[in-house]
Amino acid sequence: MSKLTKNQKIASEKIEAGKTYSLKEAAELVKEITFTKFDASVDIDVRLGVDPRKANQMVRGVVSLPNGTGKQVRVLALCTPDQEADAKAAGADYVGLDEYIEKIKGGWTDIDVIITMPAIMGKIGALGRVLGPRGLMPNPKSGTVTNEIGKAVKEVKQGKIDFKVDKNGIVHTSIGKVSFDAPKIAENAKEFIQTIIKLKPTAAKGTYIKSIYLSSTMSKGIKVDPKTIDEI
């Protein structure tokens, strides 16, 4: 068994085994136990009482984090010429159509989000093999297929994210950076959790929110008491 580093020992001492923390405490603690030289992401894992194999228990949605994600999101707007000015003004990193479709066919995927229009989805469908495995395929449910290109680009740039429960019943996403003030981390976490609660499937029985953990890149997870969410 490998020995703990000095920082790992400090982190272990700060987290009490078996203790469940309030969201406010967890947001403060995640900053204290992170020692990376880079600005680590703050992640949240929510285990749900659903069976994702059943279509009527799938949990998927979008949320606009009040304090953003802290990440520089690279956005490609695939749109018609009349929408290009709006997309550029909203902050899209790449704007165009056929030339970018050809680049993607050639394997180019140096982007985080693709926003497009319903009328163009016919062309983009052929890119499924490249975009699908990377989670880049535009989807109306996530707001990335819309006729309001400029608005969609702006929302993504300001911290709008989409999420989906995985096969194990867990929703995982990043909700900020360790450099954020603790109250901002807590506010983002609260918004995310409340959005998940609103999406509870009617077919889900028993306890819906089974557990919540807050962590940062390479840090231990901190268990959060779901009852403390409204205290923020």
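How do α3 and α7 lie relative to each other, roughly parallel or roughly perpendicular? In this predicted model, the axes of the two helices cross at roughly 25°, and an angle under 35 degrees counts as roughly parallel. The helices α3 and α7 are therefore roughly parallel to each other.

**The chain as a whole**

- The protein chain holds eight helices and nine strands.
- Its C-alpha trace spans about 55 × 45 × 35 Å along the principal axes.
- Of the 232 residues in the protein chain, 47% are buried.
- If you take the contacts in the protein chain with a separation of 6 or more, 74% of them join residues 24 or more positions apart.
- The accessible surface of the protein chain is about 12,700 Å², and carbon and sulfur atoms contribute 48% of that area.

**Helices α3 and α7**

- Helix α3 covers residues 81–89 and helix α7 covers residues 149–158, and their axes come within 8 Å of each other.
- The crossing in which α3 passes α7 is right-handed.
- On the α3 side, the residues that take part are Q83, D86 and A87, and they meet I149, G150 and V153 of α7.
- Sorted by class, this contact of α3 with α7 has three nonpolar residues, two polar residues and one charged residue.

**Helices α2 and α8**

- Now turn to helix α2 (residues 23–32) and helix α8 (residues 182–198), whose axes come within 8 Å and cross at roughly 125°.
- That angle makes α2 oblique to α8.
- The α2 and α8 pair also has a crossing of its own to inspect, and that crossing is right-handed.
- From α2, the residues L23, A27, E28, V30 and K31 meet A182, I185, A186, A189 and K190 of α8.
- By class, the contact of α2 with α8 divides into seven nonpolar residues, no polar residues and three charged ones.

**L131, in helix α6**

- You can find L131 in helix α6, which runs over residues 128–131.
- L131 has a relative accessibility of 0%, so this leucine counts as buried.
- Setting aside neighbours within four places in sequence, L131 is in contact with I104, I114, I124, L136, M137 and P138.

- Is the lysine K160 buried or exposed? With a relative accessible area of 17%, K160 is buried, because the cut-off for buried is under 20%.
- K160 belongs to strand β6, residues 160–164.
- Beyond its neighbours within four places in sequence, K160 is in contact with V62, V63, S64, S142, G143 and E155.

**M218, in a loop**

- M218 sits in the loop that links β8 (209–216) with β9 (222–224).
- The phi angle of M218 is near 75°, which is a positive value in a residue other than glycine.
- M218 counts as exposed, because its relative accessibility is 73% and the cut-off for exposed is over 50%.

Note on methods:
Residues are numbered from 1 along each chain as its sequence is written. This is a predicted model: local features need pLDDT of at least 70, side-chain atom pairs count only at pLDDT 80 or more; totals for chains, interfaces and linings use all residues. Side-chain values use heavy atoms; hydrogens and water are left out. Axes are lines fitted to C-alpha atoms, for helices over the stretch in contact, and angles run from 0 to 180 degrees between N-to-C directions. Helices (H or I, at least four residues) and strands (E, at least two) are DSSP runs, numbered from the N terminus. Angles under 35 degrees count as roughly parallel, over 145 as roughly antiparallel, 65 to 115 as roughly perpendicular and the rest as oblique. A crossing is left-handed if the near helix is turned anticlockwise from the far one by less than a right angle, and right-handed if clockwise. Contact means heavy atoms within 4.5 Å. Ala, Val, Leu, Ile, Met, Phe, Trp, Tyr, Cys and Pro count as nonpolar, Asp, Glu, Lys and Arg as charged, and the others, Gly among them, as polar. Buried means under 20% relative accessible area, exposed over 50%, partly exposed in between (1.4 Å probe, protein chains only). Accessible areas come from the Shrake-Rupley method with a 1.4 Å probe; for residues, only the protein chains shown count as cover.
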